[in-house]
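Biologist: Before we look at any numbers, could you take me through how one reads a fold of this kind, one feature at a time?

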Amino acid sequence: MKLVWKLLRQHISIPQLAGFFLANLFGMLIVLLGYQFYKDMMPVFTAEDSFMKTDYVILSKKIGTGNTISGRTNTFSVSEVDELEQQQFVDKVGKFTSTEYKVDAHMGVNGTDVLNSELFFESIPDEFVKASPRIWRYKPGATEVPIILPRTYIAMYNFGFAQSRSLPKISDGLVGMIDFDIFVQGNGHKGRFNGKVIGFSSRLNTILVPQAFMDWSNGYFAPDSHSEPSRLVMQMANPADETVAKYIDKKGYEVEDDKLEAEKATYFLKMMVSMVMVVGLVISLLSFYILMLSIYLLVQKNSSKLENLLLIGYSPGEVARPYQLLTIGLNGGVLLMAWLALYAVRDYYMNIIETLFPEIDGSGMAPALALGIILFVLVSICNIFVVRRKIARIWKRKE
């Protein structure tokens, strides 16, 4: 064995092996990074909303130039709501109710002012809100009001306000850090309420309050005002029914839902990751070819001496083993370096992703670790087989 190692060291080409190492490292990192990034990002597109079921859709009317010129409103009349409820693909329909009075809100986090603005609230029937009745309720006259905020609000806070001012980032488990003071006035009355944020919704782009609070406050602060709903929430009996899309197009409605966009984004994510991984695999294959060429050259330069070793009693396996250990060592070094580089890169982009989507539950590096081990085993087996076959040819030629 020592004699074979001496022969190996005499003709070893450091530049060739370094070229293989760097090329294989680059290719391996691309493959692992693409796969890990795909696993980390998929929950962003596939996660269900915390407060709305998947078979709920939000309908509104399209707003175009014709509506503006003609003065037509984008609200739903009673007859339109009744007609929608009578459709076979509809289980139930709920109306969005808006505040008819003036609302000023003050939002802060741990005593730091974040938002001071005039806002409006909306509500939908409680049966459409997937929240515990114990927390999603309001007793008329109480000063505490449960609130569901759009997830875009908290994303803007985490990524912009909190990051620039070194404030704590907020996730679903830290909603208690939000202070939400509500000041309302109307009909000669004024009131102050404490908004209790119970969570965030990615499908609702409005500040949602319980229906009981909306009914009571509109009756108290704006008893003479009433407006038709501009949006409806609908539960479908069969989301796959083709008549749903036909009816919506016929009526000029539009679905305020990000499902289609999420599906498109998921498709493009898969396509881009696939392309990146293919490039990485091509680079890895080319580096594998460089390694095999280097080993072949080493064996060829030492062929006469290797023949002598075989003739004096060394077996083909013993002669091939140093070359095989060299390739396994190089592959192992590549894998370890790729894992370390991946850890650094993933730590960087996960900080950004978790800032934008605090609710995301990362899958960890287990997918990349498993894929790396699989690639290492496959490449090492190929290396061992090719080297042994080359040594076997030398042995057969001398028999």
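Predicted model: local features only at pLDDT ≥ 70, side-chain atom pairs only at ≥ 80, totals over all residues.

Biologist: Among contacts between residues at least 6 apart in sequence, what percentage join residues at least 24 apart?

Modeller: In this protein the share is 84%, counted among the contacts between residues at least 6 apart in sequence.

Biologist: How do I read a sheet, and what is the order of the strands in the open sheet of four?

Modeller: The general idea is that strands of a sheet pair through backbone hydrogen bonds, either parallel or antiparallel. Here the open sheet has the order E2-E10-E1-E11, and its pairing is antiparallel. Strand E2, covering 90–95, and strand E11, covering 253–255, are the edge strands, each of them pairing on one side only. From one strand to the next, the twist averages 30 degrees.

Biologist: How many bridges join E2 to E10?

Modeller: Five bridges join E2 to strand E10, residues 231–236, and the two run antiparallel.

Biologist: In what sense do E7 and E9 pair, parallel or antiparallel?

Modeller: E7 and E9 pair in the parallel sense, over seven bridges, and within this pairing Leu149 has Phe200 in E9 as its bridge partner. Because six of the seven residues of E7 are buried, E7 is largely enclosed by the rest of the structure.

Biologist: Turning to charged side chains, how many salt bridges does the count come to?

Modeller: A salt bridge is counted when a side-chain nitrogen of Lys or Arg is within 4 Å of a carboxyl oxygen of Asp or Glu, and by this rule the count comes to six. One of them joins Lys92 to Glu127, with the closest N and O atoms 3.2 Å apart. Lys92 lies in strand E2 and Glu127 in the loop between strand E6 (122–123) and strand E7 (144–150), so this pair ties together parts that are 35 residues apart in sequence. Lys92 is partly exposed, its relative accessible area being 26%.

Biologist: Which residue forms a salt bridge with Arg231, and are the two buried or exposed?

Modeller: The partner of Arg231 is Glu122, and their closest N and O atoms are 2.5 Å apart. Since Glu122 lies in strand E6 and Arg231 in strand E10, the pair ties together parts that are 109 residues apart in sequence. Glu122 is buried, with a relative accessible area of 4%, and Arg231 is buried as well, with a value of 8%.

Biologist: What of Asp181 and Arg192, whose side chains meet in a salt bridge?

Modeller: The N to O distance of that pair is 3.8 Å. Asp181 is in strand E8 (residues 178–186) and Arg192 in strand E9 (residues 189–201), 11 residues apart. Asp181 counts as buried at 18% relative accessibility, whereas Arg192, at 53%, counts as exposed.

Biologist: Which residues does Gln211 touch, leaving out those up to four places away in sequence?

Modeller: Gln211, which lies in helix H6 (residues 211–221), touches Thr97, Ser123, Ile124, Pro125 and Asp126 on that basis. Gln211 is buried, with a relative accessible area of 15%.

Biologist: To finish at the surface, which residues form a nonpolar patch there?

Modeller: Phe268, Met271, Met272 and Met275 form such a patch, and together they have about 390 Å² of accessible area. Phe268 is found in helix H8, residues 259–301, and at 47% relative accessibility Phe268 counts as partly exposed.

How values were computed. Residues numbered from 1 in each chain as written. Heavy atoms only, no water. Pairing = 2+ DSSP bridges. Axes fitted to C-alpha atoms, helices over the stretch in contact; angles between N-to-C directions. Patch = residues over 30% accessible without salt bridge, like charges linked within 9 Å, V, L, I, M, F, W, Y side chains within 5 Å. Areas by Shrake-Rupley, 256 points an atom, 1.4 Å probe, with all protein chains shown as cover. Buried < 20%, exposed > 50% of the residue type's maximum accessible area, 1.4 Å probe, protein only. Contact = heavy atoms within 4.5 Å.
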